[in-house]
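Please walk me through this protein structure. I would like to learn how to read its domains, salt bridges and surface.

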Amino acid sequence: MEKKKVTKIGVLTSGGDSPGMNAAVRAVVRTGIYHGLEVYGIKRGYAGMVENDIERMDSKSVANIIQRGGTILKTARCLEFKEPAGRQKAYDNLRKLKIDGLVIIGGDGSFKGAQKFSEEFDIPCIGLPGTIDKDIAGSDVTIGFDTAVNTAVEAIDKIRDTMDAHDRLFIVEVMGRDAGYIALHSGIATGAENIMIPENETDVEALIDSLNEKEKRKKLVNLIVVAEGDKFGGAEEIAKVIRKRIPTADTRVCILGHIQRGGSPSCSDRLIASHMGYYAVESLMVGRHNVMVGVINNKIHYTPLEKAVKQKQKIGQEWMKIVKILAS
Ligand code: F6P
């Protein structure tokens with residue numbers, strides 16, 4: 001069966017925002033206009049679709065945003081869209097405007113919604129991986145990760161100055177509820193002695209042993225980078241154990257939090273977002289529907305939405321070996 005030609009498209013940002021989402025919106029809007037499409041901005045993710053908060057966009061509406069963090073379309077996590085009645089309302093609103101294609105910029109939760117929606121209704125959906133967590137199968141990169149991890153590195157470098165001055169042990173918690181990429185990359189880049197991530201069981205006994213061994217050889221400055229989703233419970237929990245078991249260590253905690261989600265996107269995130277935004281519209285034009293646009297080995301790669309939501313990127317164990325060797 002021949003696929004219908006797409007003429008009016010909607011773009012939305014959903015889930016946690018990430019630096020570079022604006023650059024992606026800009027690319028979608030301007031590529032759409034280049035192809036003679038009408039482009040609509042859907043506000044607050046799926047909530048705007050359900051509540052008919054949708055606006056026509058032109059080239060000017062995305063001027064001067066490529067360098068801005070956050071998202072001009074705003075974002076939300078929408079419970080109503082998880083229900084069939086909510087999705088029906090969203091579809092009816094799109095039909096009123098004759099929108100016949102969607103670009104969804106978000107993480108895997110957002111893609112789950114898109115996948116369900118595309119199964120139920122005849123509106124093709126294209127996903128763009130926009131998340132600081134870099135935890136989406138089908139892409140080596142996600143929009144926002146590079147900026148977020150560099151924000152973490154910059155902050156940890158500053159912490160290192162003061163911890164070194166005081167001979168302290170610092171536990172820095174970075175974002176990543178289900179994924180340890182920010183912790184792994186920022187930890188390696190800042191020379192962390194230990195890195196704890198949700199993908200691995202945290203071996204507290206091994207951690208205490210290694211800290212004791214370091215203390216014996218008067219290595220008092222120790223940096224532990226932990227992802228917020230680490231199974232042991234995050235920085236505060238680890239600090240409690242260390243304070244109890246190694247009371248001589250001068251232990252401090254810093255939780256970086258949402259600072260990692262904001263800020264001007266890095267050059268790399270702007271490029272990724274522009275590239276992916278362009279190919280999202282191309283995909284709708286050529287009938288390559290219900291896929292996520294990703295990048296693998298520096299080349300654009302398309303993954304069916306259903307696969308992008310079912311699989312996670314995996315952290316290779318080799319990385320953990322490297323951490324141990326470099327931290328000795
Ligand atoms: O966007 C991903 C993420 O930053 C996770 O790393 C983090 O756990 C979560 O979002 C925080 O979400 P919220 O801003 O809703 O608290």
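**Reading the domain interface and beyond**

A: Across the interface of domain 1 and domain 2, the rule finds one salt bridge; a salt bridge is a side-chain nitrogen of Lys or Arg within 4 Å of a carboxyl oxygen of Asp or Glu. This is a predicted model, in which local features need pLDDT of at least 70 and side-chain atom pairs count only at pLDDT 80 or more, while totals for chains, interfaces and linings use all residues. Residues are numbered from 1 along each chain as its sequence is written, and side-chain values use heavy atoms, with hydrogens and water left out.

Q: Into which domains is the protein divided?

A: Domain bounds come from an automatic or database domain assignment. Here domain 1 covers 8–144 + 265–310 and domain 2 covers 147–261. The contact (heavy atoms within 4.5 Å) takes 13 residues from domain 1 and 11 residues from domain 2.

Q: How much area do domain 1 and domain 2 bury between them?

A: Buried area is the accessible area (1.4 Å probe) that two parts lose on being put together, summed over both. For domain 1 and domain 2 the value is about 980 Å², with 53% of it on carbon and sulfur atoms. Ile132, Asp133 and Lys134 supply 49% of the area that domain 1 buries against domain 2, more than any other three residues.

Q: Is Glu193 buried or exposed?

A: Buried means under 20% relative accessible area, exposed over 50%, and partly exposed in between (1.4 Å probe, protein chains only). Glu193 has 10% and is therefore buried, whereas Arg160, at 22%, counts as partly exposed.

Q: What is Ala114 in contact with, leaving aside its neighbours within four places in sequence?

A: Ala114 sits in helix α4 (residues 108–120) and is buried, because its relative accessible area is 1%. Beyond those neighbours, Ala114 is in contact with Tyr46, Ile104, Cys125 and Leu305.

Q: Where does Leu326 lie, by contrast?

A: Leu326 belongs to helix α11 (residues 317–326). With a relative accessible area of 64%, Leu326 is exposed.

Methods: Helix = DSSP H or I, 4+ residues; strand = E, 2+ residues; numbered from the N terminus.
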